Each structure stands twice: as C-alpha cells, then as structure tokens.
Amino acid sequence: MAIDSGQNSESLGQRPKRGIKAFKKATLIAILLGGTLGFSAGAAYATNTQSLIGQFSTGGRTYQTLAALDTTWDGGRGSAASFIYAQGGDVPVGWMYARGRAFIGGNFCDEGWEAYNGIVAHQLDNGVWLSCGYGAYQSYGVVGAWNGNSYNYYYTYRTPAAYGGALGMKSFTKHRRVFGVAATTVAIAIGGVVGFAITTANAGAPTVLIEKGDKVDFPKNARGDTFGSAMDARTPADEPDLISAIGDDGKIGYLKKADLDQGTPNSPEEAIQMQNARKDGSGRVLKLYAEDGTTVIGQRTVGKAAP
C-alpha cells in the first residue's frame with residue numbers, strides 16, 4: 001500500500017493485497033507544513049475522516065502525526081490507520097513507530113501489530129480493519145520515535161466518528177457514547193500556512209481533547225485496578241489497567257493493558273528484530289474480563305489480518 005509520492009515511505013498493516021483494488025476511489029491528503037510536503041495518500045489509501053495534525057519533537061527531530069478512518073476500504077470492511085512523518089527528511093531504520101487503533105462507541109475494538117520503519121524513510125503508517133461489526137468508529141492511534149536512548153510514545157489526535165464496519169457482521173448497539181453525523185469541511189492553518197482542507201464527519205467529537213489536558217483519575221475496582229476507556233487517557237502511559245473493549249461475540253468487557261502491551265524494545269535494532277520475528281496476519285487472542293479484573297467473560301482477537 002503506497003501512501004506517499006516519494007520513495008522513502010513505508011506502510012505496515014493488516015491489509016490483504018486484494019484490498020488494493022478497492023482503493024481506486026481514493027482521495028488525496030496533501031499536508032503542507034512550513035513549505036514541506038508532509039503526508040500524502042494517493043490512489044492506494046482512501047479516507048473519509050481524518051484527525052487534526054499532531055506534532056512532537058524528540059531526539060533532535062520533529063514529527064507530525066495523523067489518524068485516518070476509511071469506512072469504504074475493501075468493499076466496506078473499513079480500516080483505521082495512524083501516520084507519522086519526519087520533518088526534514090529520512091530517519092534511520094527503526095526510529096519511527098506507528099500503531100493503528102480502532103474504537104467503536106468509545107470501546108477498544110482492534111489494533112495493528114506495532115510497526116517500526118524497516119527501511120530508511122520519512123513516513124510510516126500502520127492500519128487495522130474495522131472488525132467489530134457496523135457502528136460508529138473512531139481512529140485513535142499511538143505513534144512514537146527514538147530519542148537516542150529510548151522510545152517516546154504519543155497519541156495521535158482522534159478522528160471524528162463515522163459509521164462503518166462490515167455489514168455482514170453482528171451490529172453492536174450497546175455503546176458508551178452516541179454520535180450524530182453531519183458533514184463539514186475542516187481547514188487547518190499552521191504557522192500562517194494552510195495545512196490541508198478535507199471533508200470529515202463532524203460526529204460530536206469532543207472539542208477539548210483529554211489527551212492534551214490533565215491526567216484523568218479513572219475509577220478503581222475492589223482490587224485497586226483502574227478501569228475505563230483508553231480514549232479518556234491523556235497519554236499511552238496513562239491508560240487504565242482495564243480497558244473497555246468489545247469481545248469477539250459482541251460482549252462489552254475489559255482487556256488488561258498488560259495483555260495488550262507488545263513489549264518495548266531497547267534499541268532500533270531490537271525493534272526490527274521483534275518486528276521480523278512476527279508472523280504476518282497472525283492475531284493475538286486476549287481474555288476479556290468483567291470489571292473485577294478476574295472474571296473471564298469472553299475473548300478478543302487483536303491484530304488479525306482481514307479474512
């Protein structure tokens with residue numbers, strides 16, 4: 001899946017080759033920041049709602065981030081993706097990190113395998129399909145970069161909600177939040193330069209993003225475990241011990257943050273080794289718990305390639 005008109009970009013996600021044919025109606029995202037061409041999604045990646053552009057600096061480099069939600073991908077199966085772009089040109093192998101994540105009604109649905117750039121590149125994306133049936137989805141991923149000694153991880157901004165997911169799958173109706181849908185055009189100006197203009201779904205997304213505000217005090221169960229939606233956390237490190245999620249059978253329960261953790265490499269070289277050791281398309285089956293954090297009520301398959 002090509003996502004950039006330049007040669008040095010990389011895409012890592014759970015999209016089968018046959019899905020590329022579904023991208024013929026793609027739209028172009030052109031982000032011009034400070035005169036430098038940033039993200040571009042050409043004919044291979046169609047999006048119908050995008051987040052605001054995020055930015056962070058670490059290790060002497062500045063990066064931009066973006067989340068996108070495509071409810072038309074692969075004949076309506078849909079996908080959520082996270083993008084990271086390095087200003088000023090390519091970065092070494094293993095320096096950039098991206099993990100696409102999909103939420104439905106505020107509950108965790110699915111996430112991609114953690115992705116690091118396996119080639120010298122300036123852009124990386126990681127995507128996952130919308131696997132929790134038809135409903136109101138948001139893309140809200142995690143990105144990061146090597147700072148010279150360790151990795152720093154950040155959230156993307158979240159996308160507005162848009163209805164999607166495979167119509168042939170079970171449709172879930174018991175969600176934490178209810179969204180209304182109205183189309184709007186968003187123009188973002190950064191540093192006096194118009195960044196990009198896109199049509200999104202203004203679906204009642206919060207105007208104050210919690211991840212940029214104060215740390216949230218999540219409620220605790222009898223064992224002292226915090227629980228709630230990962231979308232309410234300020235940073236990836238602040239996510240609750242028990243993350244509200246949709247099970248494979250449609251039940252709403254909680255996944256343990258520790259079970260979702262895919263490990264933190266100690267160097268870019270180790271990151272690539274971990275990445276190469278994984279089997280493409282293989283998912284992880286995690287236990288779904290009740291609020292007490294001990295009672296197993298189901299399971300959630302995470303990161304499996306679309307069938």
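**From a strand pair to a salt-bridge network**

Tyr97 stands opposite Tyr116 in strand 11. In this predicted model, strand 8 (residues 96-99) and strand 11 run antiparallel and are joined by two bridges. Both strands belong to an open sheet of four strands, ordered 11-8-14-15 with antiparallel pairing. Strand 11 (115-116) and strand 15 (151-155) each have a single partner strand, so one side of each is left without a neighbour in the sheet.

Arg99 lies in strand 8, whereas Glu114 is in the loop between strand 10 (107-111) and strand 11, 15 residues apart. Arg99 counts as buried at 12% relative accessibility, and Glu114 is buried at 6%.

A second pair involves strand 10. Arg284 forms a salt bridge with Glu111, the closest N and O atoms being 3.4 Å apart. Because Arg284 sits in strand 22 (residues 284-289) and Glu111 in strand 10, the pair ties together parts that are 173 residues apart in sequence. Glu111 is buried at 0% relative accessibility, and Arg284 is buried at 16%. Arg99, Glu111, Glu114 and Arg284 are linked in a network of salt bridges.

The whole structure has seven salt bridges. Another one of them joins Asp225 to Arg223, at 2.6 Å between the closest N and O atoms. Here Asp225 is buried at 16% relative accessibility, while Arg223 is exposed at 51%.

The protein as a whole contains three helices and 23 strands, and buried residues make up 53% of its 307 residues.

Technical notes
Residues are numbered from 1 along each chain as its sequence is written. This is a predicted model: local features need pLDDT of at least 70, side-chain atom pairs count only at pLDDT 80 or more; totals for chains, interfaces and linings use all residues. Side-chain values use heavy atoms; hydrogens and water are left out. Buried means under 20% relative accessible area, exposed over 50%, partly exposed in between (1.4 Å probe, protein chains only). Two strands pair if DSSP finds at least two bridges between them. A salt bridge is a side-chain nitrogen of Lys or Arg within 4 Å of a carboxyl oxygen of Asp or Glu.
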